[in-house]
Amino acid sequence: MDLPVAVGVDGSDPSLAAADWAAREALLLGRALRVLHALPLTPQLLPGRPAGRGPDPDALLHEVCHVLAVRYPRLEIRSDEVHDLAPAALLAAGEDAELLVVAARGTGGFPDLRVGSTALHLAARAGCPTVVLPVDPPGPDPREQIVLGLDARRPAEAALEFAFAAAHRHGLPLRVVHASATGVPEDEDGLLARVLAPWRAAHPEVEAVPESTGAGAGPALVEASAKARLLVLGRRPVLLVGALGPVGHAVLHHTLCPVAIVPEA
């Protein structure tokens, strides 16, 4: 069974932008789009929620799906209102999704907050690849590459597969960024080339551009995100469930493009 692309909406502008991004990605993947709105049973008790009634959830879903259907008439769209907190609802949706998409933040929280608790929760725990869209819209720089952050000494296989597939469906080169452990990029060039060799052979249609850098992984990837259509990171299995490493945190808080967090099996 083909799993859908799932996206969470709450009526905020960032979540609507995430829904549009998810719709375009679903078309590229040839999958249906599942649009979810989480509605707690007692929303008035949530911290930071403004007084009064929020938007009618049925009207919100209908409007979002109608706009997407007009923009993308070939896309199969499903909508779901889920009575649960957003992190739990979207985490459950990710168990039956090819891809989970969420805005870095939605309604609520501090005005200057760049990444909300829901996005961090999903990036650290979702069982499927999760794309987090940044708060700020893309700048004027051309975005003609997919970027993969890779530790060539411990390459993340699922992230490699996802990144090569994304580069193929978008028709873009794949820039693979590896931070040198020694601080001397030349020391790592051969290692990175050996890691990429079988993937290049399996995906000859993708131009893979290796790049070893002496800068820290976080700053190097944030800089690379300025010209990326999508930045891909692996998330390793950890004993402490839900841990997101310092590189993942740095990228999510400062990225200039959508970020895909891909869990390893």
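This report walks through the confidence, sheet, helices and cores of a predicted model.

## Ground rules and confidence

Residues are numbered from 1 along each chain as its sequence is written, and side-chain values use heavy atoms, with hydrogens and water left out. Because this is a predicted model, local features need pLDDT of at least 70 and side-chain atom pairs count only at pLDDT 80 or more, while totals for chains, interfaces and linings use all residues.

The protein chain averages a pLDDT (the predictor's confidence in each residue, from 0 to 100) of 88, and 87% of the residues score at least 70. Do keep an eye on residues 44–53, where the pLDDT is below 50. Beyond near neighbours in sequence, that stretch has five contacts (heavy atoms within 4.5 Å) in the model.

## The sheet

An open sheet of 10 strands runs in the order β3-β2-β1-β4-β5-β10-β9-β6-β7-β8, with mixed pairing. Strands (E, at least two residues) and helices (H or I, at least four) are DSSP runs numbered from the N terminus, and two strands pair if DSSP finds at least two bridges between them. The edges belong to β3 (77–82) and β8 (208–213); each has a single partner strand, so one side of each is left without a neighbour in the sheet. On average, neighbouring strands are turned by 20° against each other, direction ignored.

Inside the sheet, β6 (residues 146–149) and β9 (residues 230–235) run parallel and are joined by four bridges. Here Ile146 stands opposite Leu230 in β9.

## Helix α1

The buried residues of α1 include Trp21, Asp20 and Glu25. The cut-offs are under 20% relative accessible area for buried, over 50% for exposed and partly exposed in between (1.4 Å probe, protein chains only). Just after α1, Gly30 takes a positive phi of about 70°.

## Nonpolar cores

A nonpolar core is a set of buried Ala, Val, Leu, Ile, Met, Phe, Trp, Tyr and Cys residues joined through side-chain atoms within 4.5 Å. The largest has 49 residues, and among those touching the most other members are Leu33, Leu148 and Leu230. Helix α5 (residues 157–170) gives the most to this core, with seven residues. A second, separate core of 30 residues includes Ala119, Ala126, Val147 and Val251.

Methods. Axes are lines fitted to C-alpha atoms, for helices over the stretch in contact, and angles run from 0 to 180 degrees between N-to-C directions.
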